[in-house]
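Q: I would like to learn how to read a model like this one. Where do we begin?

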Amino acid sequence: MKEQLTSLWQRLFGDSVRAFGVVSLIFLGSLAIAPAKNFFSEWRHYQRGYLKMVRNRSDANTLQRHFHGGIQQIWLPELGVVDRCTSCHVGLKESSLTDVPVQPYRTHPVIPHKLDQFGCTMCHRGQGAATTVSEAHSSTLAWEQPILPAKYIESSCGECHRAPLPGTPQLNQGRSLLSREGCVHCHTVKLSDGSVMKATDDPPSLSHIADKTTREWIFAWLKDPQAYATTSTMPNFKLSDDDARDISAFLIANSTPVPGDTATLSAKASPDPAAGTSLYGESFCASCHAVQNAAGNMVGGDVGPELTRVGSKVKPEWLQAWLRNPRAYDPGTAMPHYRFNDSQVATLSGFLSTKTDSDLLANVHLADATPEQVAHGKRLVADYGCASCHEIAGIKKPENFAPELSRIGSKPVTQLVFLPGMQHTLPDYIATKIKQPRSFGQGLKMPQYTFTPAQIDSLTTSLLSLNERSNTLPPSLEVAATPESDYQPAGKAGKLMTDLACFSCHRINGHGGDMAPDLTWEGSSVQRAWLVDFLKNPGTLRPALIRRMPRFNLTDGEVNELTDYIMTVYQSPAVDRDSMPLSGYSQGQVELGRQLFYGKYACQGCHIVDSKTDKGYIGPTLTQVGSRLTAAWIYQWMKNPQALRPGTTEPNRAMGDEDAQALTAFLISQKGGAKKEVAKK
Amino acid sequence: MTHVQSTIHVGTGAFARPAEQSSAAVPRSMRYGFLLAAAILLSTSCSHQHTTSSEPKPTAFGAAIVESSGGKQVGQTGGLLPQPVVVQVNDAQGTAVAGALVEFSAAPDVVFDPANALTDSSGQVTTNVPLGGMAGRYQLVASTSDKSHKKVELKIEEIALGYQQTLGRRLNDQYCERCHNPESTVERVSNYDNLEVKPHPFTDGDTLNKISDADLTAIISHGGPALNKSALMPAWGNTLSKSDIQALISYIRAISDPPSRNAGPVYAKN
Ligand code: HEC
């Protein structure tokens with residue numbers, strides 16, 4: 001053995017010439033490794049494949065001319081992008097290659113950004129500088145971030161774009177769920193402008209809950225909120241019977257009465273179902289509240305709580321006090337103060353009390369609570385962070401109750417726990433955590449939600465957009481969202497508008513809901529007499545709408561207060577009310593307007609002027625528009641509707657002065673037959 | 001009355017103090033400790049392996065497989081289809097068969113949840129489907145075996161929209177759908193029946209495939225008269241930008257049935 005080795009050594013390095021030759025050979029060989037590796041590299045393989053594919057195409061010449069061999073790179077220092085992806089993805093910019101079924105040769109789909117100015121990894125993640133498929137697409141020891149699965153791609157838009165984009169429905173939905181489902185009550189999400197994401201749900205205060213409901217209901221609710229209301233956003237904490245018993249005991253013991261709420265029933269609840277149904281309908285309760293019908297479908301809006309089983313929940317005296325004035329119990333409620341009279345309160349409360357579910361509380365039997373149970377209940381309430389969402393007298397809202405999520409999209413995989421069978425990636429971790437939060441270990445507190453698979457994908461998308469880059473973006477790259485304004489109308493009218501909860505449906509100066517028209521410029525738009533009439537007795541302008549303005553039983557004084565305020569304050573600088581008269585147009589002009597209406601612009605497609613002939617159904621009915629709108633508003637609207645109401649579906653016809661004037665004359669002449677009682681001072 | 005209440009308050013308050021403190025400190029640190037331990041354990045012990053979901057054993061066999069719902073849907077690339085796909089296994093007489101094994105397959109990046117299952121008591125299997133990452137048409141295959149172990153297949157087609165087409169769909173929802181889609185819902189009443197000249201639904205490939213991109217751009221920008229059609233089709237050129245109109249056209253091309261030439265490839269199992 002030893003001899004053989006020695007002889008081998010002799011043969012190779014026996015004399016200096018030999019040794020020199022051998023060493024040179026080894027050296028030469030090692031020099032050849034790099035070019036060989038280069039020659040057989042993946043990107044060359046793909047480039048050769050591309051040229052081969054292109055050769056047989058009719059546009060081969062153009063494609064070959066565009067082709068540059070070698071490593072390609074998009075380098076954007078200010079974005080930190082060094083992307084060599086185009087070394088293999090050769091056809092991205094070739095608009096003719098849309099018929100190639102797969103990457104790396106297919107055209108990149110149309111997006112609002114240029115590849116040269118943006119690179120690839122900004123959106124797709126992965127390792128841009130890598131030149132092999134596995135290194136570029138997957139996580140390696142040196143590179144954590146693999147390529148982002150297509151279903152979460154919108155998260156990358158969200159790194160810079162803070163406002164909803166028309167092309168990113170999933171990201172938009174995810175962000176709105178974070179607020180609407182109350183995730184951000186417990187999890188802090190800091191935004192780049194230093195503010196925190198705010199919850200838009202409005203969990204009720206529990207400080208006076210004994211006024212409203214019974215301990216039995218609380219117990220059943222805690223055990224399974226969706227059994228009471230399938231649309232409930234309250235998650236299931238999977239409490240044991242004992243824990244639910246003790247929490248309900250604590251909440252009842254901790255509750256203090258609200259003056260006025262425990263007042264004895266002033267009117268007997270009326271059991272007249274027909275009157276109840278019709279008052280419920282007239283008051284447009286269904287605009288905000290849903291009720292499950294016999295077929296199992298949810299009918300109604302989701303601004304307020306579902307009422308399918310409300311009779312099994314609320315105490316009759318509380319319900320009456322609430323209907324009389326909800327703001328007495330909850331000053332911040334989105335529910336309007338309807339000013340129902342006694343008999344209306346009796347009718348409605350009687351109607352709602354019949355909405356019960358005998359199964360709900362059938363098996364709930366609770367013995368009187370012991371002080372130990374109450375104390376244990378209080379501990380549980382603190383433990384589960386109930387006060388993160390609900391106001392509870394004597395319990396402080398916990399701070400940082402759950403992990404902050406401001407950078408969750410960059411969380412290293414090594415810090416995550418995975419369940420058996422899961423893919424070891426951050427998106428999978430986030431999605432599974434949302435889907436079954438408690439499965440990651442014992443004693444975890446995050447409750448179980450009832451999200452659909454699509455909602456989980458949306459939430460995951462929005463969480464992935466909260467990452468290192470979104471937090472450290474230079475302000476010049478950020479596309480900020482217009483923050484929700486906290487506009488409040490002033491004075492007596494302002495108080496009245498708060499009382500009527502106008503902002504639950506209407507938007508004014510960037511604040512409020514989107515169920516009903518934006519009123520920012522209502523004073524320029526409508527005539528005073530019409531507004532007075534409408535507030536007293538709101539009709540609908542759009543026959544196709546199922547959500548309508550309810551009647552609030554306002555006094556004359558209140559109507560005047562509101563009208564004066566709207567007419568003076570909500571004025572658009574773009575509309576000079578005196579520029580166009582309300583009458584005095586020539587018959588010729590009116591006739592020209594009529595021709596334009598039915599001919600050139602075919603407005604009858606969407607609007608009704610003559611209810612005998614016109615059928616258009618999706619725009620406001622215009623039979624009485626001459627008594628409703630100001631001429632100046634109509635005129636400006638003809639010229640550019642989006643300038644007055646951004647986002648309106650009315651197409652902008654960019655009308656010339658003459659057409660706009662004639663149409664204004666025609667529309668102002670539509671006063672709609674005999675007017676009923678418009679006797680105003 | 002007030003007296004009773006105030007004592008309850010003092011009582012709960014007194015109980016609460018230590019409880020709050022302990023709850024703030026102990027379980028949290030315990031939880032993190034647990035997480036850390038679990039993280040270390042798991043990250044060292046498990047590798048990237050997937051547990052292959054074991055196939056259930058069929059208890060019955062059908063003769064045919066039919067679509068109950070969920071075909072011809074329009075989703076987004078990589079995204080879940082809005083509705084699950086539901087298929088039904090029937091026997092030779094057309095009666096539903098419970099307990100038959102249904103397997104789903106498609107292009108490699110389409111994932112079914114679940115990918116296989118036994119039919120329920122009404123003979124059906126429901127699966128959630130995220131489409132692949134490329135815009136275009138996807139062919140899904142649902143299969144079951146009959147008594148003689150022959151495969152019976154059902155092909156279902158779905159559409160995945162890319163970014164531009166998704167934007168087009170949004171614009172269509174806002175501006176066009178009310179007139180062009182005859183289907184009415186309570187939430188969105190259709191205006192189709194009210195129009196003297198009927199527009200075509202955008203899925204109507206037989207009509208729309210014959211109109212060139214340039215003509216589509218013209219009629220959308222300048223209204224019906226641009227193509228000698230009714231003025232009931234308004235001009236949108238002052239409301240929508242050029243790229244908006246391109247997005248609309250790209251959407252119209254993507255959803256047309258039969259497919260347009262520009263609809264992109266069909267992704268199927270290979
Ligand atoms: C007010 C109702 C209405 C709206 C809103 C509307 N259209 Fe139309 N559209 C029509 C009518 C009616 C026709 C048929 C004209 C004819 O055949 O003479 C039409 C025709 C068309 C055509 C020609 C093919 C066909 O269906 O005959 C295209 C393309 C089209 N519209 C696109 C759009 C787009 C895109 C939008 C949204 C930006 C839109 N339309 C909004 C009413 C409407």
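**Reading the model**

A: Start with burial: of the 681 residues of chain A, 36% count as buried. A residue is buried if 20 or more other C-beta atoms lie within 10 Å of its own, exposed if 12 or fewer, and partly exposed in between, with C-beta atoms placed from the backbone. This is a predicted model, in which local features need pLDDT of at least 70 and side-chain atom pairs count only at pLDDT 80 or more, while totals for chains, interfaces and linings use all residues. Residues are numbered from 1 along each chain as its sequence is written, and chains are lettered from A and ligands numbered from 1 in the order in which they are written.

Q: What share of chain B is buried?
A: Of its 270 residues, 33% are buried.

Q: How do I read contacts along the sequence?
A: Two residues are in contact if their C-beta atoms, placed from the backbone, lie within 7 Å. Take the contacts in chain A between residues at least 6 apart in sequence: 66% join residues at least 24 apart. In chain B, residues 24 or more positions apart account for 60% of the contacts with a separation of 6 or more.

Q: Which domains does chain B have?
A: Domain bounds come from an automatic or database domain assignment. For chain B, the assignment gives domain 1 (1-49), domain 2 (64-161) and domain 3 (163-264). The C-alpha centres of domain 2 of chain B and domain 3 of chain B are 30 Å apart. Seven residues of domain 2 of chain B contact nine residues of domain 3 of chain B. On the domain 2 side, β2 (74-76), β7 (136-145) and β8 (151-161) of chain B each supply at least two residues.

Q: Where does the ligand lie?
A: Between chains A and B. A residue is near the ligand if its C-beta atom, placed from the backbone, lies within 6 Å of it. The shell has 22 residues, and the closest are C176(B), C179(B), K229(B), S230(B) and M233(B). Helix α2 (163-180) and helix α4 (213-222) of chain B each give two or more residues to this shell. α2(B) gives the most, with five residues.

Q: What classes of residue make up the shell around the ligand?
A: Ala, Val, Leu, Ile, Met, Phe, Trp, Tyr, Cys and Pro count as nonpolar, Asp, Glu, Lys and Arg as charged, and the others, Gly among them, as polar. The shell has 15 nonpolar, five polar and two charged residues.

Q: What is a nonpolar core?
A: In soluble globular proteins, nonpolar side chains tend to be buried together. A core is a set of buried Ala, Val, Leu, Ile, Met, Phe, Trp, Tyr and Cys residues joined through C-beta atoms within 7 Å. The largest core here has 89 residues, and I634(A), L663(A), V102(B), Y138(B), L140(B) and L248(B) touch the most other members. Helix α5 (residues 242-255) of chain B gives the largest share, eight residues. A second, separate core of 29 residues includes I209(A), A220(A), A249(A) and I395(A).

Q: Which backbone features deserve a look?
A: Check for cis peptide bonds. One joins Q103(A) and P104(A), with omega about 15 degrees. Another joins D113(B) and P114(B), with omega about 0 degrees. P114(B) sits in the loop between β4 (101-105) and β5 (116-118) of chain B. Then check phi. K238(A) is not a glycine, yet has a positive phi of about 55 degrees. K238(A) counts as exposed, because 12 C-beta neighbours lie inside 10 Å.

Conventions
Helix = DSSP H or I, 4+ residues; strand = E, 2+ residues; numbered from the N terminus.
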